Amino acid sequence: MLRRRRLTTALSALALASTLVLTLGLAGCGPDEEAVPVDLSRREEPVPAVPKRGLTYAYLPQYAHAVSYRRHRLLVEYLSKAVGMPMRQVFPNTFDEHVKMVSRGEIDISFSNPFVYLRLADYGARAFARIIEPSGKPDFRGQIISRKDDSSITALADCRGKRWMAVDPSSAGGYLFALGEFYDQGIRREDFAEIGFAPGPGGKQEKTVLAVYSGTWDVGSIREGTLAVLADRIDLDRIRVLAETRAYPSWVYAARPGLDPDIVRKIAKAMFALSISRPDDAVILQTANIRGIIQADDADYDSVRELVEKLGLSQEAAQ
Amino acid sequence: MNPHIVSRLSFRSKINLGIVLILLCFAGPVIWLATDMAARELMNEIKAKGAILAENLAVQVTDSMLAGDLLRLKNMVDEIAAVDDINYAFIQDAEGRVQASSYAGGFPVELKTINAAPEDGGTSVRLLKTSGADGELIYDFAAPVIISGARFGQARLGLSRTRHEARIGRLAAAMAGVAGAALCLAVVASTLFARRVSARINVLREHAEEVVRGNLDLRAGSPLKKNCWEIMQCGLLSCPAHGDAERRCWRLAGTMCPNCRDKTPRDKEESCLNCEVYKQNKGDEIQDLAETFDVMSAALKARLAELRDAQASIAGQERLLRVILDATPDHVSLLDADLRYLAVNRAYAGFLGLPPSEILGRADREFFPPEEARAREEEFLGVLASGKAFHKEAEIVRDGRRGWYHILIAQAPGPREGAALLRTDREVTEVRRYREQLIQAQKMESVGKLAGGVAHEINTPLGVILGYAQLLLDDVPEDAQMHEDLKAIEKQTLVCRDIVADLLKFSRRGDDRRRPVSLNDTLREAVGLAGRSFANQRIRLELDLPEEEMIVAADPERLKQVWINFLNNARDAIGENGLVAVTARKTPDGRAEAVFADTGSGIAPENLKMVFDPFFTTKPVGSGTGLGLAVSYGIIKDYGGELAVTSPAPEGVFAVRTPEGAAPGPGSVFTAVLPIAAQGSKDMPRNEEG
């Protein structure tokens, strides 16, 4: 009897051992691939890339840098050729950084909204061109939106006491123009339960629409054309446009203070030469999401200045 | 494995071995397959994961690259490299310069160019093996950073394959552990199962061993929890299954359940399948085997009992036959065709003077002289050849003992193949003696009748002769010659008349007035009558009678006649000067004995057998009729007694009492033995008579 029990134990042990050996033996066999030997011990200190010389071009970072790059790459290449000087895009991360880089001379050509331009102008930058919006007009509006299913907001006056999301404190179409519209309607900033701004960086216009669309915020303010960008991604029928602001001059090209006026002239000339009717130019313009570029000067933006003044934002902007 | 080793394994070990082998055959390929699939899946997964991470990194870094934000780039690569299985991450610009890397002190030079994202987009994966003894395997992923169709550089990251293989190893070990545990559980379960099964088989085996040892009363089947009559609640007390807890009802004939009435056990297996009793009490194959075994041992027990009875009966009969055979005084023997003894009875063994065991298998030539043995063999062979029984009467002498035997040899069927010979030797010595005596008696009866007839016819003429002779005597003077002649006629006629009277006595036995009479008295009277003539011949007559009276039933005259015959014979045998001793006694067997011994000339041995025959006499003509002893013999026999004669007289009979000067002959002794009728004083018969 004892001998049989030993035999049983031995059988169990043998079975267990063979299972383990088999399994571990098999587990070692992975898919066979040829490995390239590499020596990680040989090291070197990385050499930092030296920025290229040439003109710098910056697009106010209202979108992601990649979007900014994609939109303006062809235009920058065109201008570089036209001017005969290397030109590259630089990408400040924020509006403030954009403004500061212009003031520091790190951005030669700035493409910004009218509200930011006022701050750039304060640093000595001067407008020399402005774009024709995709709508075909050299100006643009802001829009105030809410959800259609929100029956408590059917008119601008209903926005009082509501939570408002704007694009950015420095946004023109997404904040400033709407603020002016509310002001004209007798609604002050303090009349809102809360004013918030879309989290950055990049895609802030779209985020504002989505914030209202999802019901997180009651009211939103965006520049015109933003809804069309989201047409394929959300059901626009659920968005109610409460009001559109009056039109203000469109986005503006400004040269930094101290940039050679000749270069500015050459650039302006090349810009004005672009025509949507020419296929090559059309590609450049459409990629940049503009219809054309026309001449402009600082006075064109007085209407915006007035609005800022009216709203008492000049002090804030200066800070 | 040696098949003999497997066949020697215990049943339990075989079950365990079988289950272990099944599990191994099952678990081995499954674990192998699962591990292999898991390894492949994991490898594919880490490749996909690495590619996605690299591509995500390439997308994430675009803004930072455009912005030249090296800090953010550094943060991003550090963040991604902090993930457990990622060895490194770095960003290269379009010229291959490292913009940011997760390496803190210096960047491995070889890493920069060892992998590059393909020109046509997509992510390149290369397997790297780091230098060193335990070099690590790393998948290097290179994803291009493309902005608006332009290549800005590439994001690279290294994912440790070695660490994933370790995970696969751990997975395999876990699976092996689970399989091992399952195996152990299976072995434990199979051991329990096998122990249960083998325990039941062992019960069967022990039962079988007990059966071999002759114990048929054990039960291998386990008792039922509920018997059929309890399940059915039938109350059929006369059903053969009711109360029988040992046998299953579907194995019994004549059960009275409505479901199975009038069905044989063979049909029942079919019809009982749906019966509740069958469902509840039907066991597994081992249970069936055990129950069948029980049925078998019960049947075996019954058969054995029958066999024992039959054996006892046969043994009884054999004993009986042996007793009969041994009890018979006949010599019975059975021989085979080679004339060797197959069987002998006790009488024959005693005849040969050997125990039966030493006789069987041997032949006659080993027991008999060659001549006799040959003669016996010829008789046997003759019977074997003819097939007919042989019988004869022969005298056989063995160890000095002589005897007549009636021999019968017959052919008999042998116990096996071939014929056997049965020989029976029946001793007929006594029969022959009786037969001779019968012939003698018949002869005497014929002679008696003849003599009687003759005597009767002669008696009358004799009377006439005697009468006329006496008449003439009266007429003839006494001195005349004629008177003398007539006297002679008268005398011889008287002799003849005596002879005729004896003949008549012999034939008719006369008138028998039988009554109780004292033997001693008859002897005394006879001796008194004869005594006077004895003295003249100087013959001494001695009478020695016991005090005790011996009463016999007889006619005293006839008895006296016998005694006087004996005394006359003695006197004639002695002649002169001798002794006659008459003694009487009671024999040990309670009879009365009268002995007449004389010192006479005795009787020749050849005449001893004939002395009681009628007309046998050795006396000269005219001295005796030869009827005296024959008549005496007839009288004693008539009274249920015996008469014997011995000659010469045994030594010592007369040694002391022989008279001086006498020349004793060989002598003879006549002994008559009579049954005693009653005992008492010698006056009793007279009283009865008076």
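# Two chains and their contacts

Me: How many salt bridges does the rule find across the interface of chain A and chain B, and what makes a pair a salt bridge?

Reply: The rule finds 2 salt bridges across the interface of chain A and chain B; a salt bridge is a side-chain nitrogen of Lys or Arg within 4 Å of a carboxyl oxygen of Asp or Glu. This is a predicted model, in which local features need pLDDT of at least 70 and side-chain atom pairs count only at pLDDT 80 or more, while totals for chains, interfaces and linings use all residues, and side-chain values use heavy atoms, with hydrogens and water left out. Residues are numbered from 1 along each chain as its sequence is written, and chains are lettered from A and ligands numbered from 1 in the order in which they are written.

Me: Why are Lys112(B) and Glu44(A) called a salt bridge?

Reply: The N to O distance between their side chains is 2.5 Å, which is within the 4 Å limit, so the pair counts as a salt bridge.

Me: How do you know that chain A and chain B are in contact, and what area do they bury between them?

Reply: Contact means heavy atoms within 4.5 Å, and by that rule 43 residues of chain A are in contact with 62 residues of chain B. The two chains bury about 4500 Å² between them, 64% of it on carbon and sulfur atoms, where buried area is the accessible area (1.4 Å probe) that two parts lose on being put together, summed over both.

Me: Why is Asp191(A) classed as it is, and which residue does Asp191(A) pair with?

Reply: Asp191(A) has 23% relative accessibility and therefore counts as partly exposed, since buried means under 20% relative accessible area and exposed over 50%, with partly exposed in between (1.4 Å probe, protein chains only). Asp191(A) forms a salt bridge with Arg160(A), the closest N and O atoms being 3.3 Å apart. This pair links distant parts of the chain, because Asp191(A) is in the loop between H5 and S10 of chain A and Arg160(A) is in the loop between S8 and S9 of chain A, 31 residues apart; helices (H or I, at least four residues) and strands (E, at least two) are DSSP runs, numbered from the N terminus. Arg160(A), at 42% relative accessibility, also counts as partly exposed.

Me: What makes S9(A) and S10(A) a pair of strands, and which sheet do they belong to?

Reply: Two strands pair if DSSP finds at least two bridges between them, and strand S9 (residues 163–166) of chain A and S10(A) have 4 bridges in the parallel sense, so they count as paired. Among these bridges, Arg163(A) has Glu194(A) in S10(A) as its partner. Both strands belong to an open sheet of 5 strands in chain A, in the order S10-S9-S11-S8-S12, with mixed pairing. S10 (194–197) and S12 (239–244) of chain A are its edge strands, because each pairs on one side only.

Me: What makes the largest nonpolar core a core, and which residues have the most contacts inside it?

Reply: A nonpolar core is a set of buried Ala, Val, Leu, Ile, Met, Phe, Trp, Tyr and Cys residues joined through side-chain atoms within 4.5 Å. The largest has 75 residues, and Phe128(A), Tyr253(A) and Ile267(A) have the most contacts inside it. Its largest share, 7 residues, comes from helix H5 (residues 172–184) of chain A. A second, separate core of 45 residues includes Ala526(B), Leu545(B), Trp563(B) and Phe566(B).
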